[in-house]
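Hello,

Here is the structure we discussed. My notes follow below it.

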Amino acid sequence: MQVATRGGLKRLAGGAAIAVATVATVTMTMPATASAASILPPEVNASSSGNSITMSIKNPNPILSLTGCQAFVVNAADVPAVVENPVKLLDPGVVVYPNVANPLTLFGALPGMTVNSTTNEIPTGVYGVIGGCVSLLDLMNPVIDSPKIMQVGLLPGGSSDGSSALPFGS
């Protein structure tokens with residue numbers, strides 16, 4: 001009886017070892033597989049009037065990519081950090097619009113969609129409008145477009161409000 005039990009335990013241990021190795025292999029290859037899928041950055045247009053910013057964002061990714069895109073209004077001082085590391089968009093206080101505390105706001109435009117939005121009552125200042133796309137399969141690796149400079153409201157010195165179509169830093 002003990003011989004059969006020992007043999008059964010050996011088979012069970014061997015099966016468990018194979019299952020653990022399989023899970024480890026799948027876990028290690030998943031991020032590489034998800035990253036390998038090429039996510040396209042969104043197409044973003046923006047303009048300002050008074051203390052409002054109107055944005056249009058188009059998600060060029062295929063439906064099966066499970067990729068959502070959103071346009072973000074960011075304080076101009078934070079733009080370089082976001083360009084260097086797009087995950088900074090999730091840091092508190094970086095994004096002025098939308099409310100990134102609500103994860104559903106990160107997926108404004110689903111694959112193939114174009115979404116228009118206007119946000120009002122943005123404080124007077126200079127902002128970067130950045131479009132970003134992220135796959136549900138790889139949330140920690142968003143892809144962003146080139147930021148656009150956006151002036152909101154009347155700045156000290158009499159500068160009129162308006163927007164710039166130039167990429168940030170140009």
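Strands here are DSSP runs of E with at least two residues, numbered from the N terminus. This is a predicted model, in which local features need pLDDT of at least 70 and side-chain atom pairs count only at pLDDT 80 or more, while totals for chains, interfaces and linings use all residues. Residues are numbered from 1 along each chain as its sequence is written, and side-chain values use heavy atoms, without hydrogens and water.

Pocket
The largest pocket holds about 210 Å³ of space. A pocket is an open set of points on a 1 Å grid over the protein atoms alone, where a 1.4 Å probe fits, with protein on both sides within 12 Å along at least five of seven lines; lining residues have an atom within 4 Å of a point. The volume is the space filled by probe spheres set on the points. Strands S3 (67–75), S6 (125–135) and S7 (138–144) each supply at least two residues of the lining.

Strand S3
S3 pairs with S6 in the antiparallel sense over nine bridges (pairing needs at least two DSSP bridges). Val-74 has Gly-128 as its bridge partner in S6 and stands opposite Val-95 in S4.

Salt bridges
The whole structure has two salt bridges (a Lys or Arg side-chain nitrogen within 4 Å of an Asp or Glu carboxyl oxygen). One joins Asp-145 and Lys-148 at 3.0 Å, N to O.

Regards

How values were computed
Helices (H or I, at least four residues) and strands (E, at least two) are DSSP runs, numbered from the N terminus.
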